[in-house]
Amino acid sequence: MKIWKIAALAALAATLGGQRLAAQECEIPVSVMIMEQSEPIPQAAAEVFSNSLTRIAVNGGMNAELNFSQFIFSARMDVLDKAVLPGPPTQVMYNLGVTFYIADVYNKKKFSSAYIEVKGVGQNETKALINTFQKVNVSNVEIRNFVQHGKQKIMDYYDNNYQNIIKVAQSLA
């Protein structure tokens, strides 16, 4: 299994380093992760949040189906405002600040980040969070620019390191 991962990484590095392809033409492997939050997220809302991150990554040309990759696509949400609105039925309103990251976990380096604010309302906290996460717009210009910048940084990483990656893979084979 370890050799397969190293061989796949070496093949990707050779492909990206040997031919200078436009970032739009390459699928960049990433793992989608939700960072530790300032407030715990209910499981149902966390799944919607993770799906939103996956949608953004895939729409940006990344392969986000990997369980673990050197590169991560992650986000952290901060509760900017939370209110319980009276009336039948009682509603919960959230205003969240969401910071997105693309990073290299091996080298502990952030490649790109973006920040947006989203609001949502629901009949309870879980539904309010789900509605808020569903409002993350994958077509947002700032998010698209963030993804493109992160992809370019990953491409640059492979362009600068593919020969070393291939040497390590060959020595382990």
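Is alanine 45 buried or exposed, and what is its relative accessible area? Alanine 45 is buried, with a relative accessible area of 0% (buried means under 20%, exposed over 50% and partly exposed in between, using a 1.4 Å probe and protein chains only). Keep in mind that this is a predicted model, where local features need pLDDT of at least 70 and side-chain atom pairs count only at pLDDT 80 or more, while totals for chains, interfaces and linings use all residues. Residues are numbered from 1 along each chain as its sequence is written, and side-chain values use heavy atoms, without hydrogens and water.

Let's see what surrounds this residue. Alanine 45 sits in helix H2 (helices are DSSP runs of H or I with at least four residues, numbered from the N terminus). Beyond its neighbours within four places in sequence, alanine 45 is in contact with Thr126, Leu129, Ile130 and Phe133, where contact means heavy atoms within 4.5 Å.

Now step back to the helices. H2 (residues 43-59) and H3 (residues 125-134) pack at an angle of about 5 degrees, their axes 9 Å apart. The two are therefore roughly parallel (angles under 35 degrees count as roughly parallel, over 145 as roughly antiparallel, 65 to 115 as roughly perpendicular and the rest as oblique). On the H2 side, the contact includes Ala44, Ala45 and Val48, and on the H3 side Leu129 and Ile130 are among the residues involved.

Finally, look at H4 (residues 141-172), which bends by about 65 degrees at asparagine 161. This bend is the angle between axes fitted to the seven residues ending there and the seven starting there.

Terms used:
Axes fitted to C-alpha atoms, helices over the stretch in contact; angles between N-to-C directions.
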